[in-house]
Amino acid sequence: MKHLLLIMLAAPCLAATPLDAVNRALLAGDSPAAWQGLAASWPQLASQAQRDSWQAALAALAAEHCGKDAPVQLPPWQPALTLELAQRDMPLARSYRVTLSGEGDARSAQLLDDSGSDLLAGARYEAEGGRHFRLTGPDLAAPLAGGRYRLLLQAGQRQWQAQLLLPPAANLGWLARQPLGVARLPPPRAACPAPWLEQSLLRRSDFALQWWQRREPGQALRWPAANGEQWQSLALVRAEARGALVLRVVQRQVGPR
């Protein structure tokens, strides 16, 4: 990571920019200052080159401890929370979707970018076993941009919010459709779990889940016998954290069997 940051610091386009303090904190191993500096510098970035460098600094910082050192703490009434940023590929179509899930019964949430756009607007609520919830946002045509976001959660009269620094989910090429399988794995990160695969079968009439299996990327994809008209889904999942919150970036390939 330090080799990458030395190159970034030496680049002429980064001279005297809001990212200088971030890079110095990273080189010094001062994670709290680096997270704080990344959050503060986001609205000051003036070019795509600076935003790309911001994303590179975020990736380097998150890889050190897999994001577990980010300053995000969950409230006592919300002991587990997972935010998923997903790209969904179907024949001749691609969409993006945000999903928030966790323990308890939160009925409302927002994921706001700096312009106030809510990626969870109109999210569908599902209760899972009476102890867990899932809020699934709408299909979005635009890729999920990386940057600074604000997550707001409401469960009854209780409210909680946190600032999240997120990577993009855009034009992921981890999976191939024909033949269905892994095209390339994202770069390994020593502090993070290795990516894994999730296979599932959905009923075509209502998209109800009929079968699910987790596999490692090198394992053969074995599917059960067909049972009526079904959609077939394969997902590659890359997991990290933002403090106590679990963050997943996912590519899914979905299509008829």
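**Close-up views of a predicted model**

**View 1. The lining of the largest cavity.** L85, L111, L119, L144, A145, Y149, L166 and P167 line the largest cavity. Lining residues have an atom within 4 Å of a cavity point; a cavity is a set of points, on a 1 Å grid over the protein atoms alone, where a 1.4 Å probe fits but cannot get out. This is a predicted model: local features need pLDDT of at least 70, side-chain atom pairs count only at pLDDT 80 or more, and totals for chains, interfaces and linings use all residues. Residues are numbered from 1 along each chain as its sequence is written, and side-chain values use heavy atoms, with hydrogens and water left out. The volume of the largest cavity is about 30 Å³, taken as the space filled by probe spheres set on the points, which are joined across faces, edges and corners. Searching the whole structure gives 1 cavity of 30 Å³ or more. The lining has 8 nonpolar, no polar and no charged residues. Here Ala, Val, Leu, Ile, Met, Phe, Trp, Tyr, Cys and Pro count as nonpolar, Asp, Glu, Lys and Arg as charged, and the others, Gly among them, as polar.

**View 2. The largest nonpolar core.** This core holds 35 residues. L81, L83, L100, L111, L153 and W160 touch the most other members. Elements giving two or more residues to this core include β1 (81-90), β2 (93-103), β12 (230-242) and β13 (245-256). A nonpolar core is a set of buried Ala, Val, Leu, Ile, Met, Phe, Trp, Tyr and Cys residues joined through side-chain atoms within 4.5 Å. Buried means under 20% relative accessible area, exposed over 50%, partly exposed in between (1.4 Å probe, protein chains only). Another core, of 16 residues, lies apart from it; L19, W35, A57 and L165 are among its members.

**View 3. Helix α4 and its end.** Helix α4 (residues 48-65) has 18 residues. Helices (H or I, at least four residues) and strands (E, at least two) are DSSP runs, numbered from the N terminus. Buried residues of α4 include W54, A57, L58 and L61. Just after α4, C66 has a positive phi of about 60°.

**View 4. Two buried polar residues, S41 and T136****.** S41 sits in helix α3 (residues 31-41). S41 counts as buried because its relative accessibility is 2%. Beyond four places in sequence, S41 touches P18, L19, V22 and W54. Contact means heavy atoms within 4.5 Å. T136 belongs to strand β5 (residues 132-136). At 6% relative accessibility, T136 is also buried. Neighbours within four places aside, its contacts include R97, T99, R124 and E126.

Note on methods. Expected span 1.5 Å × (residues − 1). 1 Å grid on protein atoms, 1.4 Å probe; cavity = no way out; pocket = protein on both sides within 12 Å on 5 of 7 lines; lining within 4 Å.
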